[in-house]
Amino acid sequence: MTGIVKKIIGSILTIAVVACLVFIAFAVIPGDPAVAKLGTQATPERLAALRETMGLNKSVPARFVEWIAGVVRGDFGSSYSYSMPVTKLISDKLPVTVILTLYSFVLMIVVSVPLAIVAARHENSAIDRVIQILSQVTMSVPPFFGGIIITLIFGLWLHLFAPGGYVSYTIDPVRFLTYMLWPALAIALPKGAMAFSLLYGGLTTERRKDYARTAYSRGNSTKDVFYKHLLKNACIPVITFFGMALADMIAGSIVIEQVFGIPGLGRILLISIQNRDYPVVEAIIVCIAVLVIVSNLLVDILYGVIDPRIVSGDE
Amino acid sequence: MSKKKNRDFNLILGSILTAVTTIPALIGLLWTPFDPHSMDNSLKLAHASFMHPFGCDNFGRDLLSRVMVGSATTLLIGLGTVMIGVIIGTFIGALTGYYGGLVDDIFMRFNDVMFSFPSLLLALVFVAIMGSGKMQLLFALGVAFIPSYVRIVRAEYVRARNMDYVKSAKLAGASDMRIMFVHILPNIFKILLNSVLIGFNNAVLAEAGLSFLGIGVQPPDASLGRMLSDAQTYLFNRPGLAVVPGVTLITMVLGISLIGKSKTVSGK
């Protein structure tokens with residue numbers, strides 16, 4: 001139990017460090033956001049006035065304290081280009097990205113685990129070979145190209161969905177989820193292929209171990225041996241991968257949102273990067289950092305639950 | 001038995017796929033059938049023909065020439081990224097792994113935080129700070145890939161520092177630098193090579209991803225990611241515009257990962 005508490009404290013500290021680094025990184029870069037907004041022709045008076053409203057006339061340490069105090073309360077300041085609070089700007093977009101990521105994660109598990117079991121049970125058979133080749137190819141498909149291919153085949157040719165026909169979850173949750181299936185699939189497939197090959201490797205190694213033979217000799221069926229004995233042990237290294245995959249999927253969903261025209265964090269992040277709208281960029285990076293760190297924490301805790309031999313808190 | 005044959009097959013197929021994509025890219029650095037930047041309105045979205053085997057894009061530019069130049073850009077950025085990552089990563093990993101201590105602890109905490117972030121996202125942050133462009137992209141990706149190499153190299157140095165050959169080198173009076181880079185480094189080449197291949201693939205995909213988002217390679221320069229994002233508008237009428245650069249990208253990545261999986265390289 002103390003291990004978990006230690007980990008939670010560690011994660012909170014990490015989030016704090018990341019938030020500080022993000023602020024410093026954007027505070028030291030050259031360029032004046034006020035000039036960027038008004039143009040180089042602006043009068044010094046107008047620039048000074050704008051800096052005042054943007055809060056840029058204060059010293060960097062003062063701004064830092066103000067910013068951190070705001071972040072703790074969930075207030076990230078105001079956007080330079082949208083003239084509205086950042087929190088308001090991103091609060092309805094964050095759930096879209098989170099749902100897309102979780103959706104992809106579930107799909108990845110749903111696709112990879114059964115296939116790995118089927119392939120491992122029929123090791124070296126034709127069905128195993130076919131799955132192996134498919135997984136090797138799928139692994140190499142970048143999600144955004146996978147998304148384009150899915151749009152082409154399932155959207156434009158087979159008319160299973162209307163490309164660009166995104167419906168907000170607040171309007172119609174069912175249509176939202178059916179539309180999100182396709183982008184989630186594009187993210188999940190390459191990761192699922194990697195998870196498959198890891199799990200497959202684990203299962204085929206485990207089945208050769210003594211305890212598997214013992215289980216067979218006690219009269220268990222192949223199915224029982226796989227599900228009750230091998231799967232749990234083969235899963236342990238895969239859990240680490242799942243944790244990393246979850247973090248990667250957050251990044252992946254930012255890219256995929258552009259392919260499927262989904263108004264999540266990705267689009268607003270890209271626009272803000274191009275507009276040099278730093279408060280928005282900072283806020284989104286901190287949000288994503290929190291997501292990544294929390295997902296890592298959950299994986300760590302899960303790890304301890306599955307394999308109690310791993311002493312919590314130590315590496 | 002069939003496994004051994006299978007592994008060699010990986011190397012052969014991987015080499016063929018890699019050659020199919022890299023040779024045209026290398027030729028593209030020196031010569032292309034058409035100027036990849038010259039626009040011709042009469043050839044706008046032209047179908048494949050004898051002169052233009054892949055057809056032309058929405059500006060009437062020859063797709064084959066653009067894929068050749070674009071793969072070269074992608075390959076070079078991938079290569080540069082891996083070089084930055086490996087050289088700096090090996091240096092940091094060697095020092096922290098070999099010496100250990102408090103500096104090592106602090107570095108590793110920091111490194112773990114960096115490592116837990118998807119490299120695409122890290123690169124995105126760097127691009128946000130430095131602005132977009134080919135050089136910025138190279139730097140951003142290079143820095144984003146350092147933590148993964150630090151991790152691998154450090155683990156090997158921690159293992160090596162108590163081995164007999166290192167102790168005997170120490171007794172023989174070799175300096176720390178000499179032990180680190182003359183004695184230990186050659187022993188971890190094999191592990192490093194494997195992670196270089198994986199890292200190269202990740203770099204290629206990250207470059208394509210960032211250029212796809214429009215914050216990597218800037219027009220008119222061709223890059224596979226950029227071509228894919230431009231092709232989206234014409235997906236229904238000219239799927240080839242997306243399929244050609246996409247398949248090139250997949251072939252490149254698949255080839256390299258098959259080489260990495262082969263018996264000769266992975267040593268398994």
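1. Start with Leu141(B). Leaving aside residues up to four places away in sequence, Leu141(B) touches Ile77(B), Thr81(B), Ala123(B), Ala203(B), Ala206(B) and Glu207(B). Two residues are in contact if their C-beta atoms, placed from the backbone, lie within 7 Å.

2. A word on the source. This is a predicted model, in which local features need pLDDT of at least 70, side-chain atom pairs count only at pLDDT 80 or more, and totals for chains, interfaces and linings use all residues. Residues are numbered from 1 along each chain as its sequence is written, while chains are lettered from A and ligands numbered from 1 in the order in which they are written.

3. Now the core. The largest nonpolar core holds 149 residues. Such a core is a set of buried Ala, Val, Leu, Ile, Met, Phe, Trp, Tyr and Cys residues joined through C-beta atoms within 7 Å. Leu141(B) is among the residues with the most contacts inside this core, along with Ala116(A), Ile284(A), Ala123(B), Val127(B) and Leu228(B). Helix 11 of chain A gives the most to this core, 17 residues.

4. Look along helix 11 of chain A. This helix covers residues 222–260 and spans only 43 Å between its end C-alpha atoms. A straight helix of 39 residues would span 57 Å at 1.5 Å a residue (the expected span is 1.5 Å times one less than the number of residues). The helix has a kink of about 50°, centred on Leu230(A). The bend is the angle between axes fitted to the seven residues ending at a residue and the seven starting there. Just after the helix, Gly261(A) takes a positive phi of about 60°.

5. Chain A as a whole has 13 helices and 0 strands. Helices (H or I, at least four residues) and strands (E, at least two) are DSSP runs, numbered from the N terminus. Of the 315 residues in chain A, 37% are buried, with 20 or more other C-beta atoms within 10 Å of their own C-beta.

6. Check the confidence. The mean pLDDT of chain A is 84, where pLDDT is the predictor's confidence in each residue, from 0 to 100.

7. Last, the interface. In all, 28 residues of chain B are in contact with 30 residues of chain A. Helix 10 of chain B gives the largest share of chain B's side, 7 residues.

Conventions. Buried ≥ 20, exposed ≤ 12 C-beta atoms within 10 Å, placed from the backbone.
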